[in-house]
Amino acid sequence: MKKERVFLLFVAVAMLCLELLDAFTLSDDILYRFVWQEDDAAPVRLVQSAADLIESQWAHYHITNGRWVMHTLAQAFLSFVPPVVYHVLNALLFALMLYLGSCLVVKRDRRLFSMVTMFFLLFVVFADVRTTMLWSLGTFNYLWVLVMTLSFLLYLRRVRHSSSRIHWLVAPLSLFIGCSHEALSLPLAITLIVYMLAELRKKEAYPCALYIVWYAAGTLTILLSPALWSRAGDGITLMSRMISGAVNIVFNLKVLWLLVVTTMVTARNRHGYWKKTLYLRRYFYLCLLLALGIVVVCGTNLERVVFFADFIAMLLLVDLLAAVVAEKWQKRLMVACCAAVVVYYIPAVLVRYENDSNCRYMQQQMAEQGREVVAVRYPVDGEQPVKDFFRRRFVNPTADFGVFCSYMGFNARDINMRCAATLYGKQQMIFLPEDVVQRIESDSTAYRNYELDRHQSLYVWQLPEDKPVKKIVFELLPEDVSALSLPQRLLAYKDDTYELDDNFHYSVVHVNGRPYLVFTRPTANISRRIGRIRY
């Protein structure tokens, strides 16, 4: 038990160091400090009271998603709690998550092995530790949800043999856990209902049934969110969703495939034990299958979409390893896992420190009175491949530019930019790469023709006249599709022109009294064919 406590303390301290290097992003970290409104063009208002939270989440529930419990907590913490408090809390909750997960699936004498293995898998193997465990809003949606859910499942295990009437008063609290995150609560709610119906003939199932019903009711509140169904019907066909989901499962579900391989080896060498384990963990496997079903129909291949499915697979994998790996090999495996974590941890600290420094550089400019153009300093992708790898795993950049970015820092009308400006007492604020700002401010003739920035993500073009731009047209060179590689052939763009007519991806900005057209570089299948650009 002492070794377990020492390990958990080590984990908490290690995660706290990473948490304290957390830099805000210009997207949800700022947006969630404001009252959510159904009209993006409406004036923005900071959350300042409980009434603001209620108003905000009412709109949020109707236009974004139904996770009203977790996002109320997120808005409350981001608005009223000093960042260091929830950084400390997140570090403690991460360690608690490891402990609760081990309690759920393994016996007491194997808990240290299970916790070390889980830490390794989460930190090194999982596809997306960056936005699920190391991003302010991500921790509410994933880390906090997992701690609540694991606590709930362990509590259910304890009340199976209880007949106290107190359950009638306590059980309704399960509703708040059930409406945490649909990607986990929906598969779990269905699994628990199946368990309840299958075990109903047993007397000890009755106390659990109260909690399960309330948990399912909480999940139902998410499913009743109009925003959830508007996303589900956003024009993506079922076939496209399934293809995207299958790609996500193949490339981003890392632990699942480790579980498959381990299961095949176990089934071959210890067939009797495998059949016994499959029966004992049948409800876990059912929950995993349901979680995979959600990934398949989700319609997006974001890494964090598969997180909960991979987490369930991790619990099953750890349970299997704890049972079939001999004790001497478990000790060696723990040493190897700790060594791998250290190898990843040191670069993680370095790249997060770098990002935190860049964020502070931005904040200094944002705090300058009268300054509306903020120069964004961030590393060029491709110059340091090793650092790039660790940045992709552990860093959420404060500002980012490109066609897949969820906000446009150069568009002062973007809701995130308006919130940032209001937060710093400005009429408006725009963000541009540092090399672009420095060149514009030092050379009045810069960008007389369109040019890419240093990061090859934005085009900048000085306009001869300050007039609005309605669309941008890329005239494309011919391309021999048969000479392309198979992936390029599948994504090849067939037309001879491409119009960037969505104002989200371009804007006319004014720097030093001169108008500049700033627009995103299209995806590679289009940008490699650009012959001429006109507006």
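## Close-up views of a predicted model

**View 1. Surroundings of Val380.** Val380 touches Asp388, Arg454 and His455, leaving aside residues up to four places away in sequence. The model shown here and in the following views is predicted. Val380 lies in the loop that runs between β1 (373-376) and α20 (385-394). With a relative accessible area of 13%, Val380 is buried. From Val380 to Leu224 the C-alpha to C-alpha distance is 44 Å, and the two residues are 156 residues apart in sequence.

**View 2. Packing of helix α3 with helix α4.** Helix α3 spans residues 50-63 and helix α4 spans residues 68-80; their axes are 10 Å apart and meet at an angle of about 135 degrees. This angle makes α3 oblique to α4. The crossing of the pair α3 and α4 is right-handed. On the α3 side, the contact is made by Leu53, Ser56, Gln57, His60 and Tyr61, and on the α4 side by Trp68, His71, Thr72, Gln75, Ala76 and Phe80. Sorted by class, the residues joining α3 to α4 comprise five nonpolar and six polar residues, with no charged residue.

**View 3. Packing of helix α5 with helix α6.** The axes of helix α5 (residues 83-105) and helix α6 (residues 111-125) come within 9 Å of each other, crossing at roughly 125 degrees. The two helices, α5 and α6, are therefore oblique to each other. Their crossing, that of α5 and α6, is right-handed. Helix α5 contributes Phe94, Met97, Leu98, Tyr99, Gly101, Ser102 and Cys103 to the contact, and helix α6 contributes Arg111, Ser114, Met115, Met118, Phe119 and Leu122. The contact of α5 with α6 contains nine nonpolar residues, three polar residues and one charged residue.

**View 4. Packing of helix α6 with helix α19.** Which angle do α6 and α19 form where they pack? The angle between α6 and helix α19 (residues 327-367) is about 35 degrees, and their axes are 9 Å apart. The crossing of α6 and α19 is left-handed. From α6, the residues in contact are Leu112, Phe113, Val116, Phe119, Phe120, Phe123 and Val124. They meet Gln330, Leu333, Met334, Cys337, Cys338, Ala340, Val341, Tyr344, Tyr345 and Ala348 of α19. By class, this contact of α6 with α19 holds 16 nonpolar residues and one polar residue, and no charged residue. Phe119 of α6 takes part in the contact with α5 and also in the contact with α19.

View 5. Asp319 lies in helix α18, which covers residues 307-324. Is Asp319 buried or exposed? Asp319 has a relative accessible area of 11% and is buried.

View 6. A disulfide is a covalent bond between the sulfur atoms of two cysteines. The structure holds zero disulfides. Cys287 is in no disulfide, and the nearest cysteine sulfur, in Cys208, is 16 Å away from that of Cys287. Cys287 is buried, at 6% relative accessible area. Cys298 is partly exposed, with a relative accessibility of 32%.

**View 7. Two loop residues with positive phi.** Gln456 is a residue other than glycine with a positive phi, near 60 degrees. Gln456 lies in the loop between β3 (451-452) and β4 (458-462). At 41% relative accessibility, Gln456 counts as partly exposed. Asn512, likewise a residue other than glycine, has a positive phi near 55 degrees. The loop that holds Asn512 runs between β7 (506-511) and β8 (514-520). Asn512 is partly exposed, with a relative accessible area of 49%.

Key
Residues are numbered from 1 along each chain as its sequence is written. This is a predicted model: local features need pLDDT of at least 70, side-chain atom pairs count only at pLDDT 80 or more; totals for chains, interfaces and linings use all residues. Side-chain values use heavy atoms; hydrogens and water are left out. Axes are lines fitted to C-alpha atoms, for helices over the stretch in contact, and angles run from 0 to 180 degrees between N-to-C directions. Helices (H or I, at least four residues) and strands (E, at least two) are DSSP runs, numbered from the N terminus. Angles under 35 degrees count as roughly parallel, over 145 as roughly antiparallel, 65 to 115 as roughly perpendicular and the rest as oblique. A crossing is left-handed if the near helix is turned anticlockwise from the far one by less than a right angle, and right-handed if clockwise. Contact means heavy atoms within 4.5 Å. Ala, Val, Leu, Ile, Met, Phe, Trp, Tyr, Cys and Pro count as nonpolar, Asp, Glu, Lys and Arg as charged, and the others, Gly among them, as polar. A disulfide is a pair of cysteine sulfur atoms within 2.5 Å. Buried means under 20% relative accessible area, exposed over 50%, partly exposed in between (1.4 Å probe, protein chains only).
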